[in-house]
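Colleague: Hi! Could you walk me through this one while I have it open?
Modeller: Happy to, let's take it piece by piece.

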Amino acid sequence: MRDRVRSGWLAVCVALAAACTAPDPAPAGDRARDAAAAAPAAADTSRADPPAVLLLATVAPEIDEESGIVSREVEAPGGRAPLVRNDTMYADAAALAAVLGAGTSVSLEGDRVRVGNRLLGVRGLRERGGVYVPVRDFAREFGAYTYTDRSREGGAVYTLYPREALLYLLANRERPDEVPVLRGAREEGLLPERP
Amino acid sequence: MRTATRLLVGAAIIAAAGFLVREPARAAMAGRATPDYSDAFRDYVPYTGMTSTINAYSPTRNTSGVETYFGVNSKWQQPRSVGTTPHQGTDLNTPMGTPVHPIDRGWIVYQSSTAYELIIQLDWDYDNVQDDDVYVKYDHLQYVNFKPTGSFVTTADKVATSGSEGGTVPVHLHFGVLYPKFATGTNGRWAVTERLYTNVADWNYGRDLDFINYVEVAGSRVWANAYTKDNTQTVHLPAGNVRLYHRRVGATRWDSVTMTAASHGDWYADLPYPAGTQVQWLVQARRPMSGETHNSAYFPPRFKHPDNSPNVSATFPYFTATVQ
């Protein structure tokens, strides 16, 4: 049973990597070429990334007066837990959409993800009764930033910062340029450059 | 043996009347009364059995286990434009991954890798019984769980590494002493930190750790120490930003007088009453911050978001003294 689950995940990983390795949306012709180019690397599943955690940061100064932010693990509906391959985290799109306030109506059109009536420039894959997407790319579509901490022992921690949390941090830090999340969000164009 | 040593050190500090141990800054205050450490803790850490002082260890060490004393970025009680005002602990300018150790022996009572926090209940009296109601909180950590929750730990144990709380703050270590039990959520019981480090020259004998500390009255003169830190740089408060509020016992309205700057962040002012008068007093220090309405701190401490005048609210704590 355990082996079956493992081999099933390997298949998911291969498929996800093939579907999602390219970080930016591309024209259909390019996508096919990209997928083919990505396939050899994606097929190398011998490198199993350590387990990782996906957190959601929310504004809660009444709970944590120091940082004003609390984090909790993003639930994995139907056991569709996030996974990391080749330093990219993938997660259930419906779960991500829910915590990002984008609703729960998620579907695939070809390999593109639709959330509600928005067709995103993010590729996904139907698997285990859900749609898996690369977390960072998906979050960015909704103005959220994904902070990755790979320094911790026992696996990386990915934390989603919705736009509300980013704006809170921006307004509540004396030295915003020294806040890693704000720096990263600016680099991704999620926050305006400082004047 | 350890307890005896600690008490001996405490007694030595008292015998030195504070001035020998606290040089050089204390020289400017020579002639004042011996500092009363128990007074400072009386209202904020009413720990039963504590004699006068305790010498805690640094919360950080290098990889060889040797204590390190990083610069202070934000002091306990320091008014801030963000977060809690005043600050409920002290911020140290630690790099990512700096080993964090207990400031003294005790039990890990809380740790969370999602809250990036760790709290240790100190075995304050070294009797191995988990009944001392004094806690130390370490925050914005990178990694915890080096030891299971409930573990008894000593200063030799690495209990965490410093970080940025998942990227939400600049990398640093926040630590603060908490009384009473953290679970009550009481905001007004974060204890002054200076008293734990009066033997540490790197932190100006503890005064680098608290925005206002070492408030005392000698004769009719009240002394206070207040300044801010920007890592290794001391930032003195502008003239007029430290005031002594006072009133006769029984009066309802506070009067105030501007305190005069002395050296090393010391300030003084005289209580304008004849000898024998029973008075109440408190000290206010203001950190100038543009656009911020909560830029005052008080001693005795007043949490949180204190008004800029004690006449606005009746809930300000104060000291009582008889003018000599």
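**Strands and helices in chain A**

Modeller: Let's start with β10 of chain A, which is joined by five bridges to strand β11 (residues 157-161) of chain A, the two running antiparallel. This is a predicted model, by the way.

Colleague: Which residue stands opposite A:Y147 in β11(A)?

Modeller: That is A:T159.

Colleague: And what is the strand order in the open sheet of four strands in chain A?

Modeller: The order is β2-β1-β11-β10, and the pairing is mixed. From one strand to the next, the twist averages 30°.

Colleague: Which strands stand at the edges of that sheet?

Modeller: Those are β2 (69-73) and β10 (145-149) of chain A; each has a single partner strand, so one side of each has no neighbour in the sheet.

Colleague: Nice. Which strands does helix α5 of chain A lie across?

Modeller: Helix α5 (residues 163-171) lies across β1 (53-59), β2, β10 and β11 of chain A, at about 60° to β1(A). Helix α6 (residues 180-187) of chain A lies across β10 and β11 of chain A, and runs at about 125° to β10(A).

Colleague: Switching to the core: how many residues are in the largest nonpolar one?

Modeller: It has 113 residues, and among those with the most contacts inside it are A:A93, A:V133 and, from chain B, B:A224 and B:V283.

Colleague: What is A:A93 in contact with, leaving aside its neighbours within four places in sequence?

Modeller: A:V106, A:V113, A:G124, A:G130, A:V131, A:Y132, A:V133 and A:F138.

Colleague: Over to chain B, then. How many bridges pair β6 and β7 there?

Modeller: Six, in the antiparallel sense, between β6 (residues 106-112) and β7 (residues 117-122) of chain B. One bridge partner pair is B:I108 with B:I120 in β7(B). The hairpin has four residues between the strands, and B:Y116 takes a positive phi near 60° there.

Colleague: What else does β6(B) pair with?

Modeller: Strand β10 (residues 152-153) of chain B, antiparallel over two bridges. B:W107 stands opposite B:F152 in that strand.

Colleague: Last topic, confidence. What is the mean pLDDT of chain B?

Modeller: The mean is 80, with 78% of chain B's residues at 70 or more. Over residues 1-52 of chain B the pLDDT is below 50, though this stretch has 69 contacts in the model beyond near neighbours in sequence. Where pLDDT is low, the predicted coordinates should not be read in detail.

Colleague: And what ipTM does the predictor give the complex?

Modeller: The ipTM is 0.74, alongside a pTM of 0.79.

Notes. Residues numbered from 1 in each chain as written. Chains lettered and ligands numbered in written order. Predicted model: local features only at pLDDT ≥ 70, side-chain atom pairs only at ≥ 80, totals over all residues. pLDDT = per-residue confidence, 0-100. Contact = placed C-beta atoms within 7 Å. Core = buried A, V, L, I, M, F, W, Y, C linked by C-beta atoms within 7 Å. Buried ≥ 20, exposed ≤ 12 C-beta atoms within 10 Å, placed from the backbone. Pairing = 2+ DSSP bridges. Axes fitted to C-alpha atoms, helices over the stretch in contact; angles between N-to-C directions.
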